[in-house]
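Subject: Structure for your review

Dear colleague,

A summary of the findings follows.

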Amino acid sequence: MDAFCLKDELLSNFYSKGNFPQQGTEAPLSTVKCLVNFIAVLILTSTCTFFTFFSSIWFKIYVSLACAYLTSGTYFNIRPTPLLGFLKAQL
């Protein structure tokens, strides 16, 4: 019964104040920090794209295998065993 009373109190506080008690507010985003992060991601993506198209076959093989690994982990809901965990289990 106490849990329901607490739930009702939290819900009424949310309706009246618009947030839950002791809920932290998010700090405003810094434009400079967002711009730096965006530029870093853009440079990294451009570099990998450049190396994928204009580099040796080994980088292309690496990118293909990384994409296959990430696809299997997300789309097919397969969770491959981490390499270090597998090696520890073998020792």
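This is a predicted model: local features need pLDDT of at least 70, side-chain atom pairs count only at pLDDT 80 or more; totals for chains, interfaces and linings use all residues.

In this message, a residue is called buried under 20% relative accessible area, exposed over 50%, and partly exposed in between (1.4 Å probe, protein chains only). By that scale D8 is partly exposed, because its relative accessible area is 43%.

Residues are numbered from 1 along each chain as its sequence is written, and side-chain values use heavy atoms, with hydrogens and water left out.

Salt bridge

D8 pairs with K7 through their side chains in a salt bridge, at 3.2 Å from N to O. The term denotes a side-chain nitrogen of Lys or Arg within 4 Å of a carboxyl oxygen of Asp or Glu, and the count under this rule is one. K7 is also partly exposed, since its relative accessibility is 43%. In general, side chains of opposite charge can pair when their charged atoms come close.

Overall form

The protein has four helices and zero strands, assigned as DSSP runs (helices H or I, at least four residues; strands E, at least two) and numbered from the N terminus. The radius of gyration is 24 Å, well over the 12 Å that the globule rule gives for 91 residues, so the protein is more spread out than a compact globule. That radius is taken over C-alpha atoms, and the globule rule is 2.2 Å times the number of residues to the power 0.38. The C-alpha trace spans about 65 × 45 × 25 Å along its principal axes. Of the 91 residues, 2% are buried. The accessible surface (Shrake-Rupley method, 1.4 Å probe; for residues, only the protein chains shown count as cover) amounts to about 8,600 Å², with 71% belonging to carbon and sulfur atoms.

L11 lies in helix α1, residues 2-17, and is partly exposed because its relative accessible area is 33%. Together with L6, L10, F14, Y15 and F20, L11 forms a nonpolar surface patch of about 570 Å² accessible area. Patches consist of residues with over 30% relative accessible area and no salt bridge, like charges being joined within 9 Å and nonpolar side chains (Val, Leu, Ile, Met, Phe, Trp, Tyr) within 5 Å.

N13 is also in helix α1.
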